[in-house]
Amino acid sequence: DQSSINQGYVTTWEWQFGDGFTQVIQHPANPNISHVYNTPGTYLVTLTVTASNGCQQSVIQQVEVQVNPIANFTFPTDNCEQSPVIFTNTSQTNGGASLTSWYWNFGDPLSGSSNISYLQSPTHIYNVGGSYDVMLIASNAWGCIDTIVKQVIISSKPTVSFTASTVCFGEPTQFSNTSVPNSGSLVTYDWDFGDGSPHSNIANPEHLYTAAGTWQVTLIVGNTPGCTSSVTQGVNVISLPTSAFTVSLQNCEGAQVSF
């Protein structure tokens, strides 16, 4: 209210908001009020003031109410911890002003400042599997906003481990997978035996090395959500001993032979 009076004082302020709602303020209450319009459009707002001497005066002003945008976004359904999750903004203007800003909260406070983004379509890495509530607030040029929250499921990576038998050269090495899926179940295996031979994709393979020594073996496993992990460790193949002996050259029956 910016009304003024030369004689007496204002006793009543009547606000007609142009949408069928009216609010009357009596002196000495505060005449400055707020009103919520439930639909966008142009409204004629009338303020009628009544003075203590009974005189009245009205003023009409036009108020434009903009439509809110519609916030929305998409993301992949299969997501793994420690891997980037791509969030694609699909918010719409809803017939209003153009979109100008985006506020993302990934629901991951342990990530520190990375938990917030102002990019239109950001990425975020969750270091721990679990369920996270991701919030997007989309704003248009008028400052109108809309908020949406979606739940993102982050699957845990498998924990990779294996054991291998220590064998002598010429014997096959037996490998035993001891990995834990953590999410879902284990479905893929990729064994690199470290000697340039073809990989194996079975859970518990065996392999015959063509030379003795320590071989660096890498195992990559994947679980049903599509998360993978790997581990590399040394596997020993023991060299065979070298057999040899000497014998005395001149030997007679009934006498000792020296070996």
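## Strand pairing in a predicted model

In β9, Ile116 is the bridge partner of Asn105. This is a predicted model, in which local features need pLDDT of at least 70 and side-chain atom pairs count only at pLDDT 80 or more, while totals for chains, interfaces and linings use all residues. Residues are numbered from 1 along each chain as its sequence is written, and side-chain values use heavy atoms, with hydrogens and water left out.

Strands here are DSSP runs (E, at least two residues), numbered from the N terminus. Two strands pair if DSSP finds at least two bridges between them.

**The open sheet.** Four strands make up an open sheet, ordered β9-β8-β11-β12, with antiparallel pairing. β9 (116-117) and β12 (145-154) are the edge strands; each has a single partner strand, so one side of each lacks a neighbour in the sheet.

**Ser139.** Strand β11 (residues 130-140) contains Ser139. Ser139 is buried, at a relative accessible area of 14%; buried means under 20%, with a 1.4 Å probe and protein chains only. Beyond its neighbours within four places in sequence, Ser139 contacts Leu99, Thr100, Ser101, Cys144 and Ile145. Contact means heavy atoms within 4.5 Å.

**Strand pairs.** Strands of a sheet pair through backbone hydrogen bonds, either parallel or antiparallel.

| Pair | Sense | Bridges |
|---|---|---|
| β8 (residues 99-105) and β9 | antiparallel | two bridges |
| β14 (residues 167-168) and β19 (residues 228-238) | parallel | two bridges |
| β18 (residues 213-223) and β19 | antiparallel | 10 bridges |

**Around β19.** Ile238 in β19 is the bridge partner of Cys168. Val235 in β19 stands opposite Trp215. The hairpin of β18 and β19 has four residues between the strands, and Gly226 there takes a positive phi near 95 degrees.

Methods:
Buried means under 20% relative accessible area, exposed over 50%, partly exposed in between (1.4 Å probe, protein chains only).
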